[in-house]
Amino acid sequence: MPIRTTRESGDPRTADGPDGPSDTAAGRARATGGVPADGRARTAGGARARRAGLRGEGAWGWLFVSPMVIVIGLFLVLPILMALWVSLLHWDGRSNPFSGQADFVGLDNYRSLLTQDGLDRTLFATSLRNNAYYVLLTVPLQTMLALGLAIVVNQKLLRARSALRTAFFFPSVTSSIAVSTVFLFLFQGSGAVNSLLSWIGVEGPNWFADPRGVLSLILGGLGVVDPEHPTGVLADHSLLGLSWFEWLSGPSVAMCTLILLAVWTTSGTFMLIFLAALQDIPRELEESAALEGVNRFQMLRYVTLPALRPSLFLVLTLGLIATWQVFDQVYVMGQGAPGNTTLTPAFLSYSAAFDNGDFGQGSAIAFILLAVILVLTALQRWVLRERGTRTRRNR
């Protein structure tokens, strides 16, 4: 009978040594997890090559974005940090704010605006009240008007759609200074608006010289309060130096003209945003809803508006930020007059810095305004969030 060798008989031991495969390449591979030494070397080399490739891609990425990073750093981040430092100083703008010539006052600029009784806090509270009414009326009106215009010009059977889109968008690309000047002529005492109102027997007010609040006029006409001599709780309690009646009297007649101007000039831009979103809604979705027998209102409520949620959030956010930063219309159309009823925080910040030479207080107003915008934007994001249940991922 032939004698079979160890390798032929399937014995794991070999003739290389009495201890079996531990002295062979296969045995060493099995002892180290099944990967030969040359395989481990290739794997380690591949990992090092991938890491080197990623580092190279990261370096090239930073190289390509470095011009924009430098521009943003020099013209956005650095000025913001400098303005934050200036808000802690009493600085007239004529010396170096980083030298000892500027007086460091800490949070005094913020205290004079928020906690200390005086003219500074009264003016700041007045500007907040005016701007709050401006935001509460302008943002919903411009959003609804823009959505309505977008739905109208999106109709396929409408003739001259391109001409209508251009006409609605034209006020948005016109200079705000030019539009404000036109509105000054339209709404003056003997302007075109009052002439039109006289044809129907209505005597129009002197729009830009009327500081009376609209809500106080309405309540006074109903006999609820006396706008000239308010009494009771509304007159006895105050917030930031203004009585509750002053807070609740509504926007002035002059501020209402600014609101009309803002709605007319911004609706065209937001119309294009809504129009792009409307054209992105799948046609099959609308056809399926039509087969179910829904009417136009149901189509708008259950199909169109849910599909427009991202665009609606964008429009509301842009409108909120822009209305809290309104400046140029106020500068052209009265600079806070009459009676500071068109004063806004943005214009007050400019006036404190460049008219009164108090750049510290102007910067403090700007940063308080920034905080207000951030808080309201976060609140708006929370209100418009998706409320559907989220399914957990299976791990």
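Is Tyr331 buried, partly exposed or exposed? Tyr331 counts as partly exposed, because its relative accessibility is 36%, where buried means under 20%, exposed over 50% and partly exposed in between, with a 1.4 Å probe and protein chains only.

Before I go on, the model is predicted, so to speak of local features we need pLDDT of at least 70, and side-chain atom pairs count only at pLDDT 80 or more, while totals for chains, interfaces and linings use all residues. Residues are numbered from 1 along each chain as its sequence is written, and side-chain values use heavy atoms, leaving out hydrogens and water.

Aromatic pairs next. There are 15 of them, counting rings of Phe, Tyr and Trp (its six-membered ring) with centres within 6.5 Å; planes under 30 degrees apart are stacked, over 60 edge-to-face, the rest tilted. Tyr331 and Tyr350 make an edge-to-face pair, 5.9 Å centre to centre with 85° between the planes. Tyr331 sits in helix α15 (residues 328-332) and Tyr350 in helix α16 (residues 345-355), 19 residues apart; helices are DSSP runs of H or I, at least four residues, numbered from the N terminus. Tyr350 is also partly exposed, at 26%. Both tyrosines belong to a cluster linked by ring pairs, including Trp91 and Phe359.

Terms used. Helices (H or I, at least four residues) and strands (E, at least two) are DSSP runs, numbered from the N terminus.
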